[in-house]
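Hi,

Here is the structure I promised to pass on. My notes on what turned up in it follow below.

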Amino acid sequence: MCWSRFSPSISWTGIGLGPVPWLLPAEIMPSETRALASSAAATTNWLANFISSQAFLVIANSLGGFAFVPFGVCLMLGTLFVLRVVPETKGKSLEQIQAELAFS
């Protein structure tokens with residue numbers, strides 16, 4: 001029963017912005033800096049998770065039923081960032097991606 005409650009939350013995280021900090025450095029960084037960039041992105045992701053979990057009770061106490069509004073705004077801003085700034089990498093080689101990033 002516990003697994004049936006846990007599995008949907010993991011699948012919905014995969015649909016949203018959850019995979020971006022884990023997959024983006026591997027897609028756009030050159031091989032000599034990929035490990036450092038991936039570790040920096042993972043550290044930043046975990047730090048942001050920690051800060052948001054620590055701030056949630058304060059936000060919930062002050063906003064009540066609207067406690068998820070700030071998180072929704074952050075999600076919308078993150079989605080806009082990904083759609084406008086992050087390049088599409090599907091079907092492209094690392095050299096093509098690097099060339100596009102160098103010109104932008």
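On the surface there is a nonpolar patch made up of L63, F66, V69, V73, M76, L77 and L80, with about 680 Å² of accessible area together. Patches here are built from residues with over 30% relative accessible area and no salt bridge, joining like charges within 9 Å and nonpolar side chains (Val, Leu, Ile, Met, Phe, Trp, Tyr) within 5 Å. Areas are Shrake-Rupley with a 1.4 Å probe, and for residues only the protein chains shown count as cover. Helix 4 (residues 69-85) supplies the largest share of the patch, 5 residues; helices are DSSP runs of H or I, at least four residues, numbered from the N terminus. V73 sits in helix 4 and counts as partly exposed because its relative accessibility is 38% (buried is under 20%, exposed over 50%, partly exposed in between).

Before you go further: this is a predicted model, where local features need pLDDT of at least 70 and side-chain atom pairs count only at pLDDT 80 or more, while totals for chains, interfaces and linings use all residues. Residues are numbered from 1 along each chain as its sequence is written, and side-chain values use heavy atoms, with hydrogens and water left out.

Next, the second largest pocket: about 240 Å³ of space lies in it. Its lining has 11 residues, and V20, L23, L24, V86 and T89 are the closest to the centre. A pocket is an open set of points on a 1 Å grid over the protein atoms alone, where a 1.4 Å probe fits, with protein on both sides within 12 Å along at least five of seven lines; lining residues have an atom within 4 Å of a point. The volume is the space filled by probe spheres set on the points, which are joined across faces, edges and corners. Helix 2 (residues 20-28) gives the most to this lining, with 4 residues.

T89 itself is in the loop between helix 4 and helix 5 (94-103). At 16% relative accessible area, T89 is buried, and beyond its neighbours within four places in sequence T89 contacts E27, I28 and I97 (contact: heavy atoms within 4.5 Å).

N45, in helix 3 (residues 34-63), is buried too, at 17%. N45 touches P21 and W22, leaving out residues up to four places away in sequence.

Finally, how many salt bridges does the whole structure hold? The search finds 1, between the side chains of E100 and K92 at 2.7 Å, N to O; the criterion is a Lys or Arg side-chain nitrogen within 4 Å of an Asp or Glu carboxyl oxygen. E100 is partly exposed at 34%, and K92 is partly exposed at 30%.

Cheers

Note on methods. Helix = DSSP H or I, 4+ residues; strand = E, 2+ residues; numbered from the N terminus. Buried < 20%, exposed > 50% of the residue type's maximum accessible area, 1.4 Å probe, protein only.
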